[in-house]
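Subject: Structure handover and findings

Dear colleague,

Please find the structure below, followed by notes on what turned up when I went through it.

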Amino acid sequence: SCDHVGLAQLEILCKQLYETTDTAVRHQAEKALVEFTNSPDCLSKCQLLLERGSSSYSQLLAATCLSKLVSRTSNPLPLEQRIDIRNYVLNYLATRPKLAAFVTQALIQLYARITKLGWFDCQKDDYVFRNVIADVTRFLQDSVEHCIIGVTILSQLTNEINQADTTHPLTKHRKIASSFRDSSLFDIFTLSCNLLKQASGKNLNLNDESQHGLLMQLLKLSYNCLNYDFIGTSTDESSDDLCTVQIPTSWRSAFLDSSTLQLFFNLYHSIPPSLSPLVLSCLVQIASVRRSLFNNAERAKFLSHLVDGVKRILANPQCLPDPNNYHEFCRLLARLKSNYQLGELVKVENYPEVIRLIANFTVTSLQHWEFAPNSVHYLLSLWQRLAASVPYVKATEPHLLETYTPEVTKAYITSRLESVHVILRDGLEDPLDDAGLVQQQLDQLSTIGRCEYEKTCALLVQLFDQAAQTYQELLQSTNSSAADVTVQEGRLTWLVYIIGAVIGGRVSFASTDEQDAMDGELVCRVLQLMNLTDSRLAQAGNERLELAMLSFFEQFRKIYIGDQVQKSSKLYRRLSEVLGLNDETMVLSVFIGKIITNLKYWGQCEPITSKTLQLLNDLSSVRKLVKLSAVQFMLNNHTSEHFSFLGINNQSNLSDMRCRTTFYTALGRLLMVDLGEDEDQFEQFMLPLTAAFEAVAQMLSTNTFNEQEAKRTLVGLVRDLRGIAFAFNAKTSFMMLFDWIYPAYMPILQRAIELWYHDPACTTPVLKLMAELVHNRSQRLQFDVSSPNGILLFRETSKMITTYGNRILTLGEVPKDQVYGVKLKGVSVCFAMLKAVLSGNYVNFGVFRLYGDDALDNALQTFIKLLLSIPHSDLLDYPKLSQSFYSLLEVLTQDHMNFIASLEPHVVMYILSSISEGLTALDTMVCTGCCSSLDHIVTYLFKQLSRSTKKRPTPMATDDRFLHIMQQHPEMIQQYFADLRNSIVNSQPPEKQQAMHLCFENLMEGIERNLLTKNRDRFTQNLSVFRREVNDSMKNSTYGVNSNDMMS
């Protein structure tokens, strides 16, 4: 009875795995159980565990092991065995309705997995795994417990089929999902609705635990059906704005019949609040059915039922205080406008009453700002969409938004201000610290506030004046408390953010002179407040208020600064009356003054510094700036004594220096305006950087130098230089920079890579600078005919890539969580650098081999070594790496095919398989890169092969391994195509096969054996026709809309 020994042993292991708190014991058990899963008798042992196991844990283990067995892609289980397991599981569940919940769950998961993976398996012309409703019917005719199991099976199955898994290809998943959608999903949805009708028709005894459980499972099932990915679009679950549910046309009957909608609204009012969020989730999906499912009359009728249902919920709001209910209801309200037009809403019979109720609900929600803050987004999005439609609505019925929108605006603004003292008093989290959330709400408010703008402005002026006056009085008074000052600063912070937002809202509306004058009123107040707070910075400042000011400046710049703004704008007239700012130049000097003040006082505060520099960078394209004395001051004094963030001793870590690149990009742009060919002015500007380079050179030349200080100085310096190099996109200025850095300072950069290759905080900035220097932006790298600089620059590039590449490979295995930072990021920059220099068009790469110079060879060999050290999955998992790799590959296959063709077969295979995996990437840049790489490779082969068949005695390249293989097996590609064609034709229903065969025949019609552009274009046209015909054929197909997903 070795079986029993085995079983007892397994049961002990299960207990250890699921119950022990001792990690070592659990680890041992896990190891033993993994071995068990891989053992040949695992299947029979699992059955024994289910039959005789004494604990729930052993049943769970058996179910999960079986799931693994049926899912494996290599050596899959034979069909008979999978049918047996499926039948066994169904019987097991039917005879044991009282299993532990997690065991039932695991067994149902197993059933769903077998069914999904076997969806296309046939036995005697019968799709054996497709009779799911029959499988479940016997459960539905039995006790409530059985009923719950049956419904859960359908619910889990729908979910399982809807979710792509990583082990099987996406095309297979879509094929199964489409077939399931067409053959079973509607029947399952109808069944679910009928069962809900039955359940709600009975007098629900909800104290009965099992009745409650049944309802919950039915609602989950309905939701899974409605939330199905009908057309294979939602790869990303996170975005809630994809509001359309692509219900198939064959489901029309369920939605034209108002009883489906009524069913869910009735359920909402009759079932316990704990289940109503599920009902609302179903309603959100139903409200989002694609518009094209209905004609106009049908849609109007559907919408009026929907609005009635919403009105009924608003009139009886007793369930809404539950946060989950409230959240789902807010989502439902948002869908009213995302899926229907304002012109359709106003025609609904009870519209005036409903819009009043929604406005009251919104105002109340905003006033209770501490309750469910994440749900407010949906309410604001509803009002934003309503307000944005006002100018376009054609209907004669009144929309009443001019009455209700200002109430919403007012409620938002006043409730934010009132929240300030409560948050301080109770030590709550400050919403202002969540910049993303604030920004999102302000974007929504910017549109809402522009509706009836004069009311918004009057309110803001009144609130701002009160807060500013109180603030001033508190500052002048001797006995005011710090807490009172902080409250007023908090209120002013919100007001400055909101004023910035409503000014930014001007873009989406046709603006009038009166509105621009109102903007003027608001801007004057913010600038007066700024003068007050700036005058106090030596004693104290408020970081949040400063960030709000920067947000305001950013909005103001977008709307009122730049060449396209009317200088006669009423806004400027108001600024001139109140503050004496008579024109744009004076306003710009206020901007620059603020920027310099911030950099002086807030140099240690990273958020303010980086936002201030971003503002400077955005302004640096306005050429007028250069005339300002403050800007000239910056161009002549960019040192750490004036701008503390340029210092090196105060930074805690190296990555905080990123903002220096932004600063120098802006300075570089401003310097270029009047630089021309003035080398003296350039040398003058570069003095601080020259001094820094000399200092680093000095340090590196001694044996005992302070490594930290050397790193800091160098990193700061290369970040500054990268900013300048980025800005200098004209030949004259860039050549000055090039002559300044080469050859004098290049060795220092190379030395830094040798010394600190293992410290990415140091090497990444150096590599990025080099990648910027070799980038031929706007053709700035053009050397004179007699200059060898292009070749010398490539030598330096090659040297840096080789130095870095060979050293980084000595690190060996890097832990997965650090591999990007430590290794792949640097490698990615090297790939980008190599791509830039190979495609820059300023080096003739033929000369290297001609003169026996190995610079090109070294760079390419290093590329191959680095590439082979990266697994395929990483190439696609890290977006920056995949973009730099695939764009480099495109250049290599275009210009250096002879190098690729001479590589070892395993390397060529690695490159080809990386192309084949990249073709299915979600990033279009990667896809198109792969397509053109493939085109270059096949073009090269075609040309070489057609050359070698001509009788001219041309010496064959001896090291062209690639070509030799193709010459020995010319049938490889043709055979592959033939197989693919046959498999596609044979997958069609018999009556379609002839037509599909013809599509393939027509593909090569009129195509000659050459690669001339004319010929390629003809093939492209044939391919479009092919695609259209195949798609049409699929649409009319009776069996499955995308019976072969390859074609969709």
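Helices (H or I, at least four residues) and strands (E, at least two) are taken as DSSP runs and numbered from the N terminus. The model is a predicted one, in which local features need pLDDT of at least 70 and side-chain atom pairs count only at pLDDT 80 or more, while totals for chains, interfaces and linings use all residues. Residues are numbered from 1 along each chain as its sequence is written, and side-chain values use heavy atoms, with hydrogens and water left out.

I begin with K116, which sits in helix α6 (residues 101-117). K116 has a relative accessible area of 2% and is therefore buried, where buried means under 20%, exposed over 50% and partly exposed in between (1.4 Å probe, protein chains only). Leaving aside neighbours within four places in sequence, K116 is in contact (heavy atoms within 4.5 Å) with E160, I161, Q163, A164, D165, H173 and I176. From K116 to G343, 227 residues along the chain, the C-alpha atoms are 44 Å apart.

As for annotation, an unreviewed UniProt entry places the feature "domain: Importin N-terminal" at residues 29-95; the positions are in the numbering used here, the feature names are shortened, and annotations may be inferred rather than shown by experiment. In the model that span is 81% helix and 0% strand, with its end C-alpha atoms 31 Å apart.

Next comes the nonpolar core, meaning a set of buried Ala, Val, Leu, Ile, Met, Phe, Trp, Tyr and Cys residues joined through side-chain atoms within 4.5 Å. The largest has 335 residues, of which F255, F264, W383, F663 and L737 touch the most other members. Beyond its neighbours within four places in sequence, F255 is in contact with L226, I247, I286, V289, L293, F294 and F302. A second, separate core of 8 residues includes I984, V985, L1003 and F1026.

Points are joined across faces, edges and corners, and a volume is the space filled by probe spheres set on them. The structure holds 3 cavities of 30 Å³ or more, and the largest cavity has a volume of about 90 Å³. Its lining has 9 nonpolar, no polar and no charged residues, with Ala, Val, Leu, Ile, Met, Phe, Trp, Tyr, Cys and Pro counted as nonpolar, Asp, Glu, Lys and Arg as charged, and the others, Gly among them, as polar. Helix α17 gives the most to that lining, with 4 residues.

The second largest pocket takes in about 830 Å³. Among its 29 lining residues, A771, E772, H775, R777 and A832 are the closest to its centre. The lining divides into 8 nonpolar, 14 polar and 7 charged residues, and α36 gives the most, with 7.

Finally, some backbone geometry deserves a look. The peptide bond from Y742 to P743 is cis, with omega near 0 degrees, and P743 lies in the loop between α32 (731-741) and α33 (746-756). S778, in the loop between α34 and α35 (789-808), has a positive phi near 40 degrees.

Best wishes

How values were computed. On a 1 Å grid over the protein atoms alone, a cavity is a set of points where a 1.4 Å probe fits but cannot get out, and a pocket is an open set with protein on both sides within 12 Å along at least five of seven lines; lining residues have an atom within 4 Å of a point.
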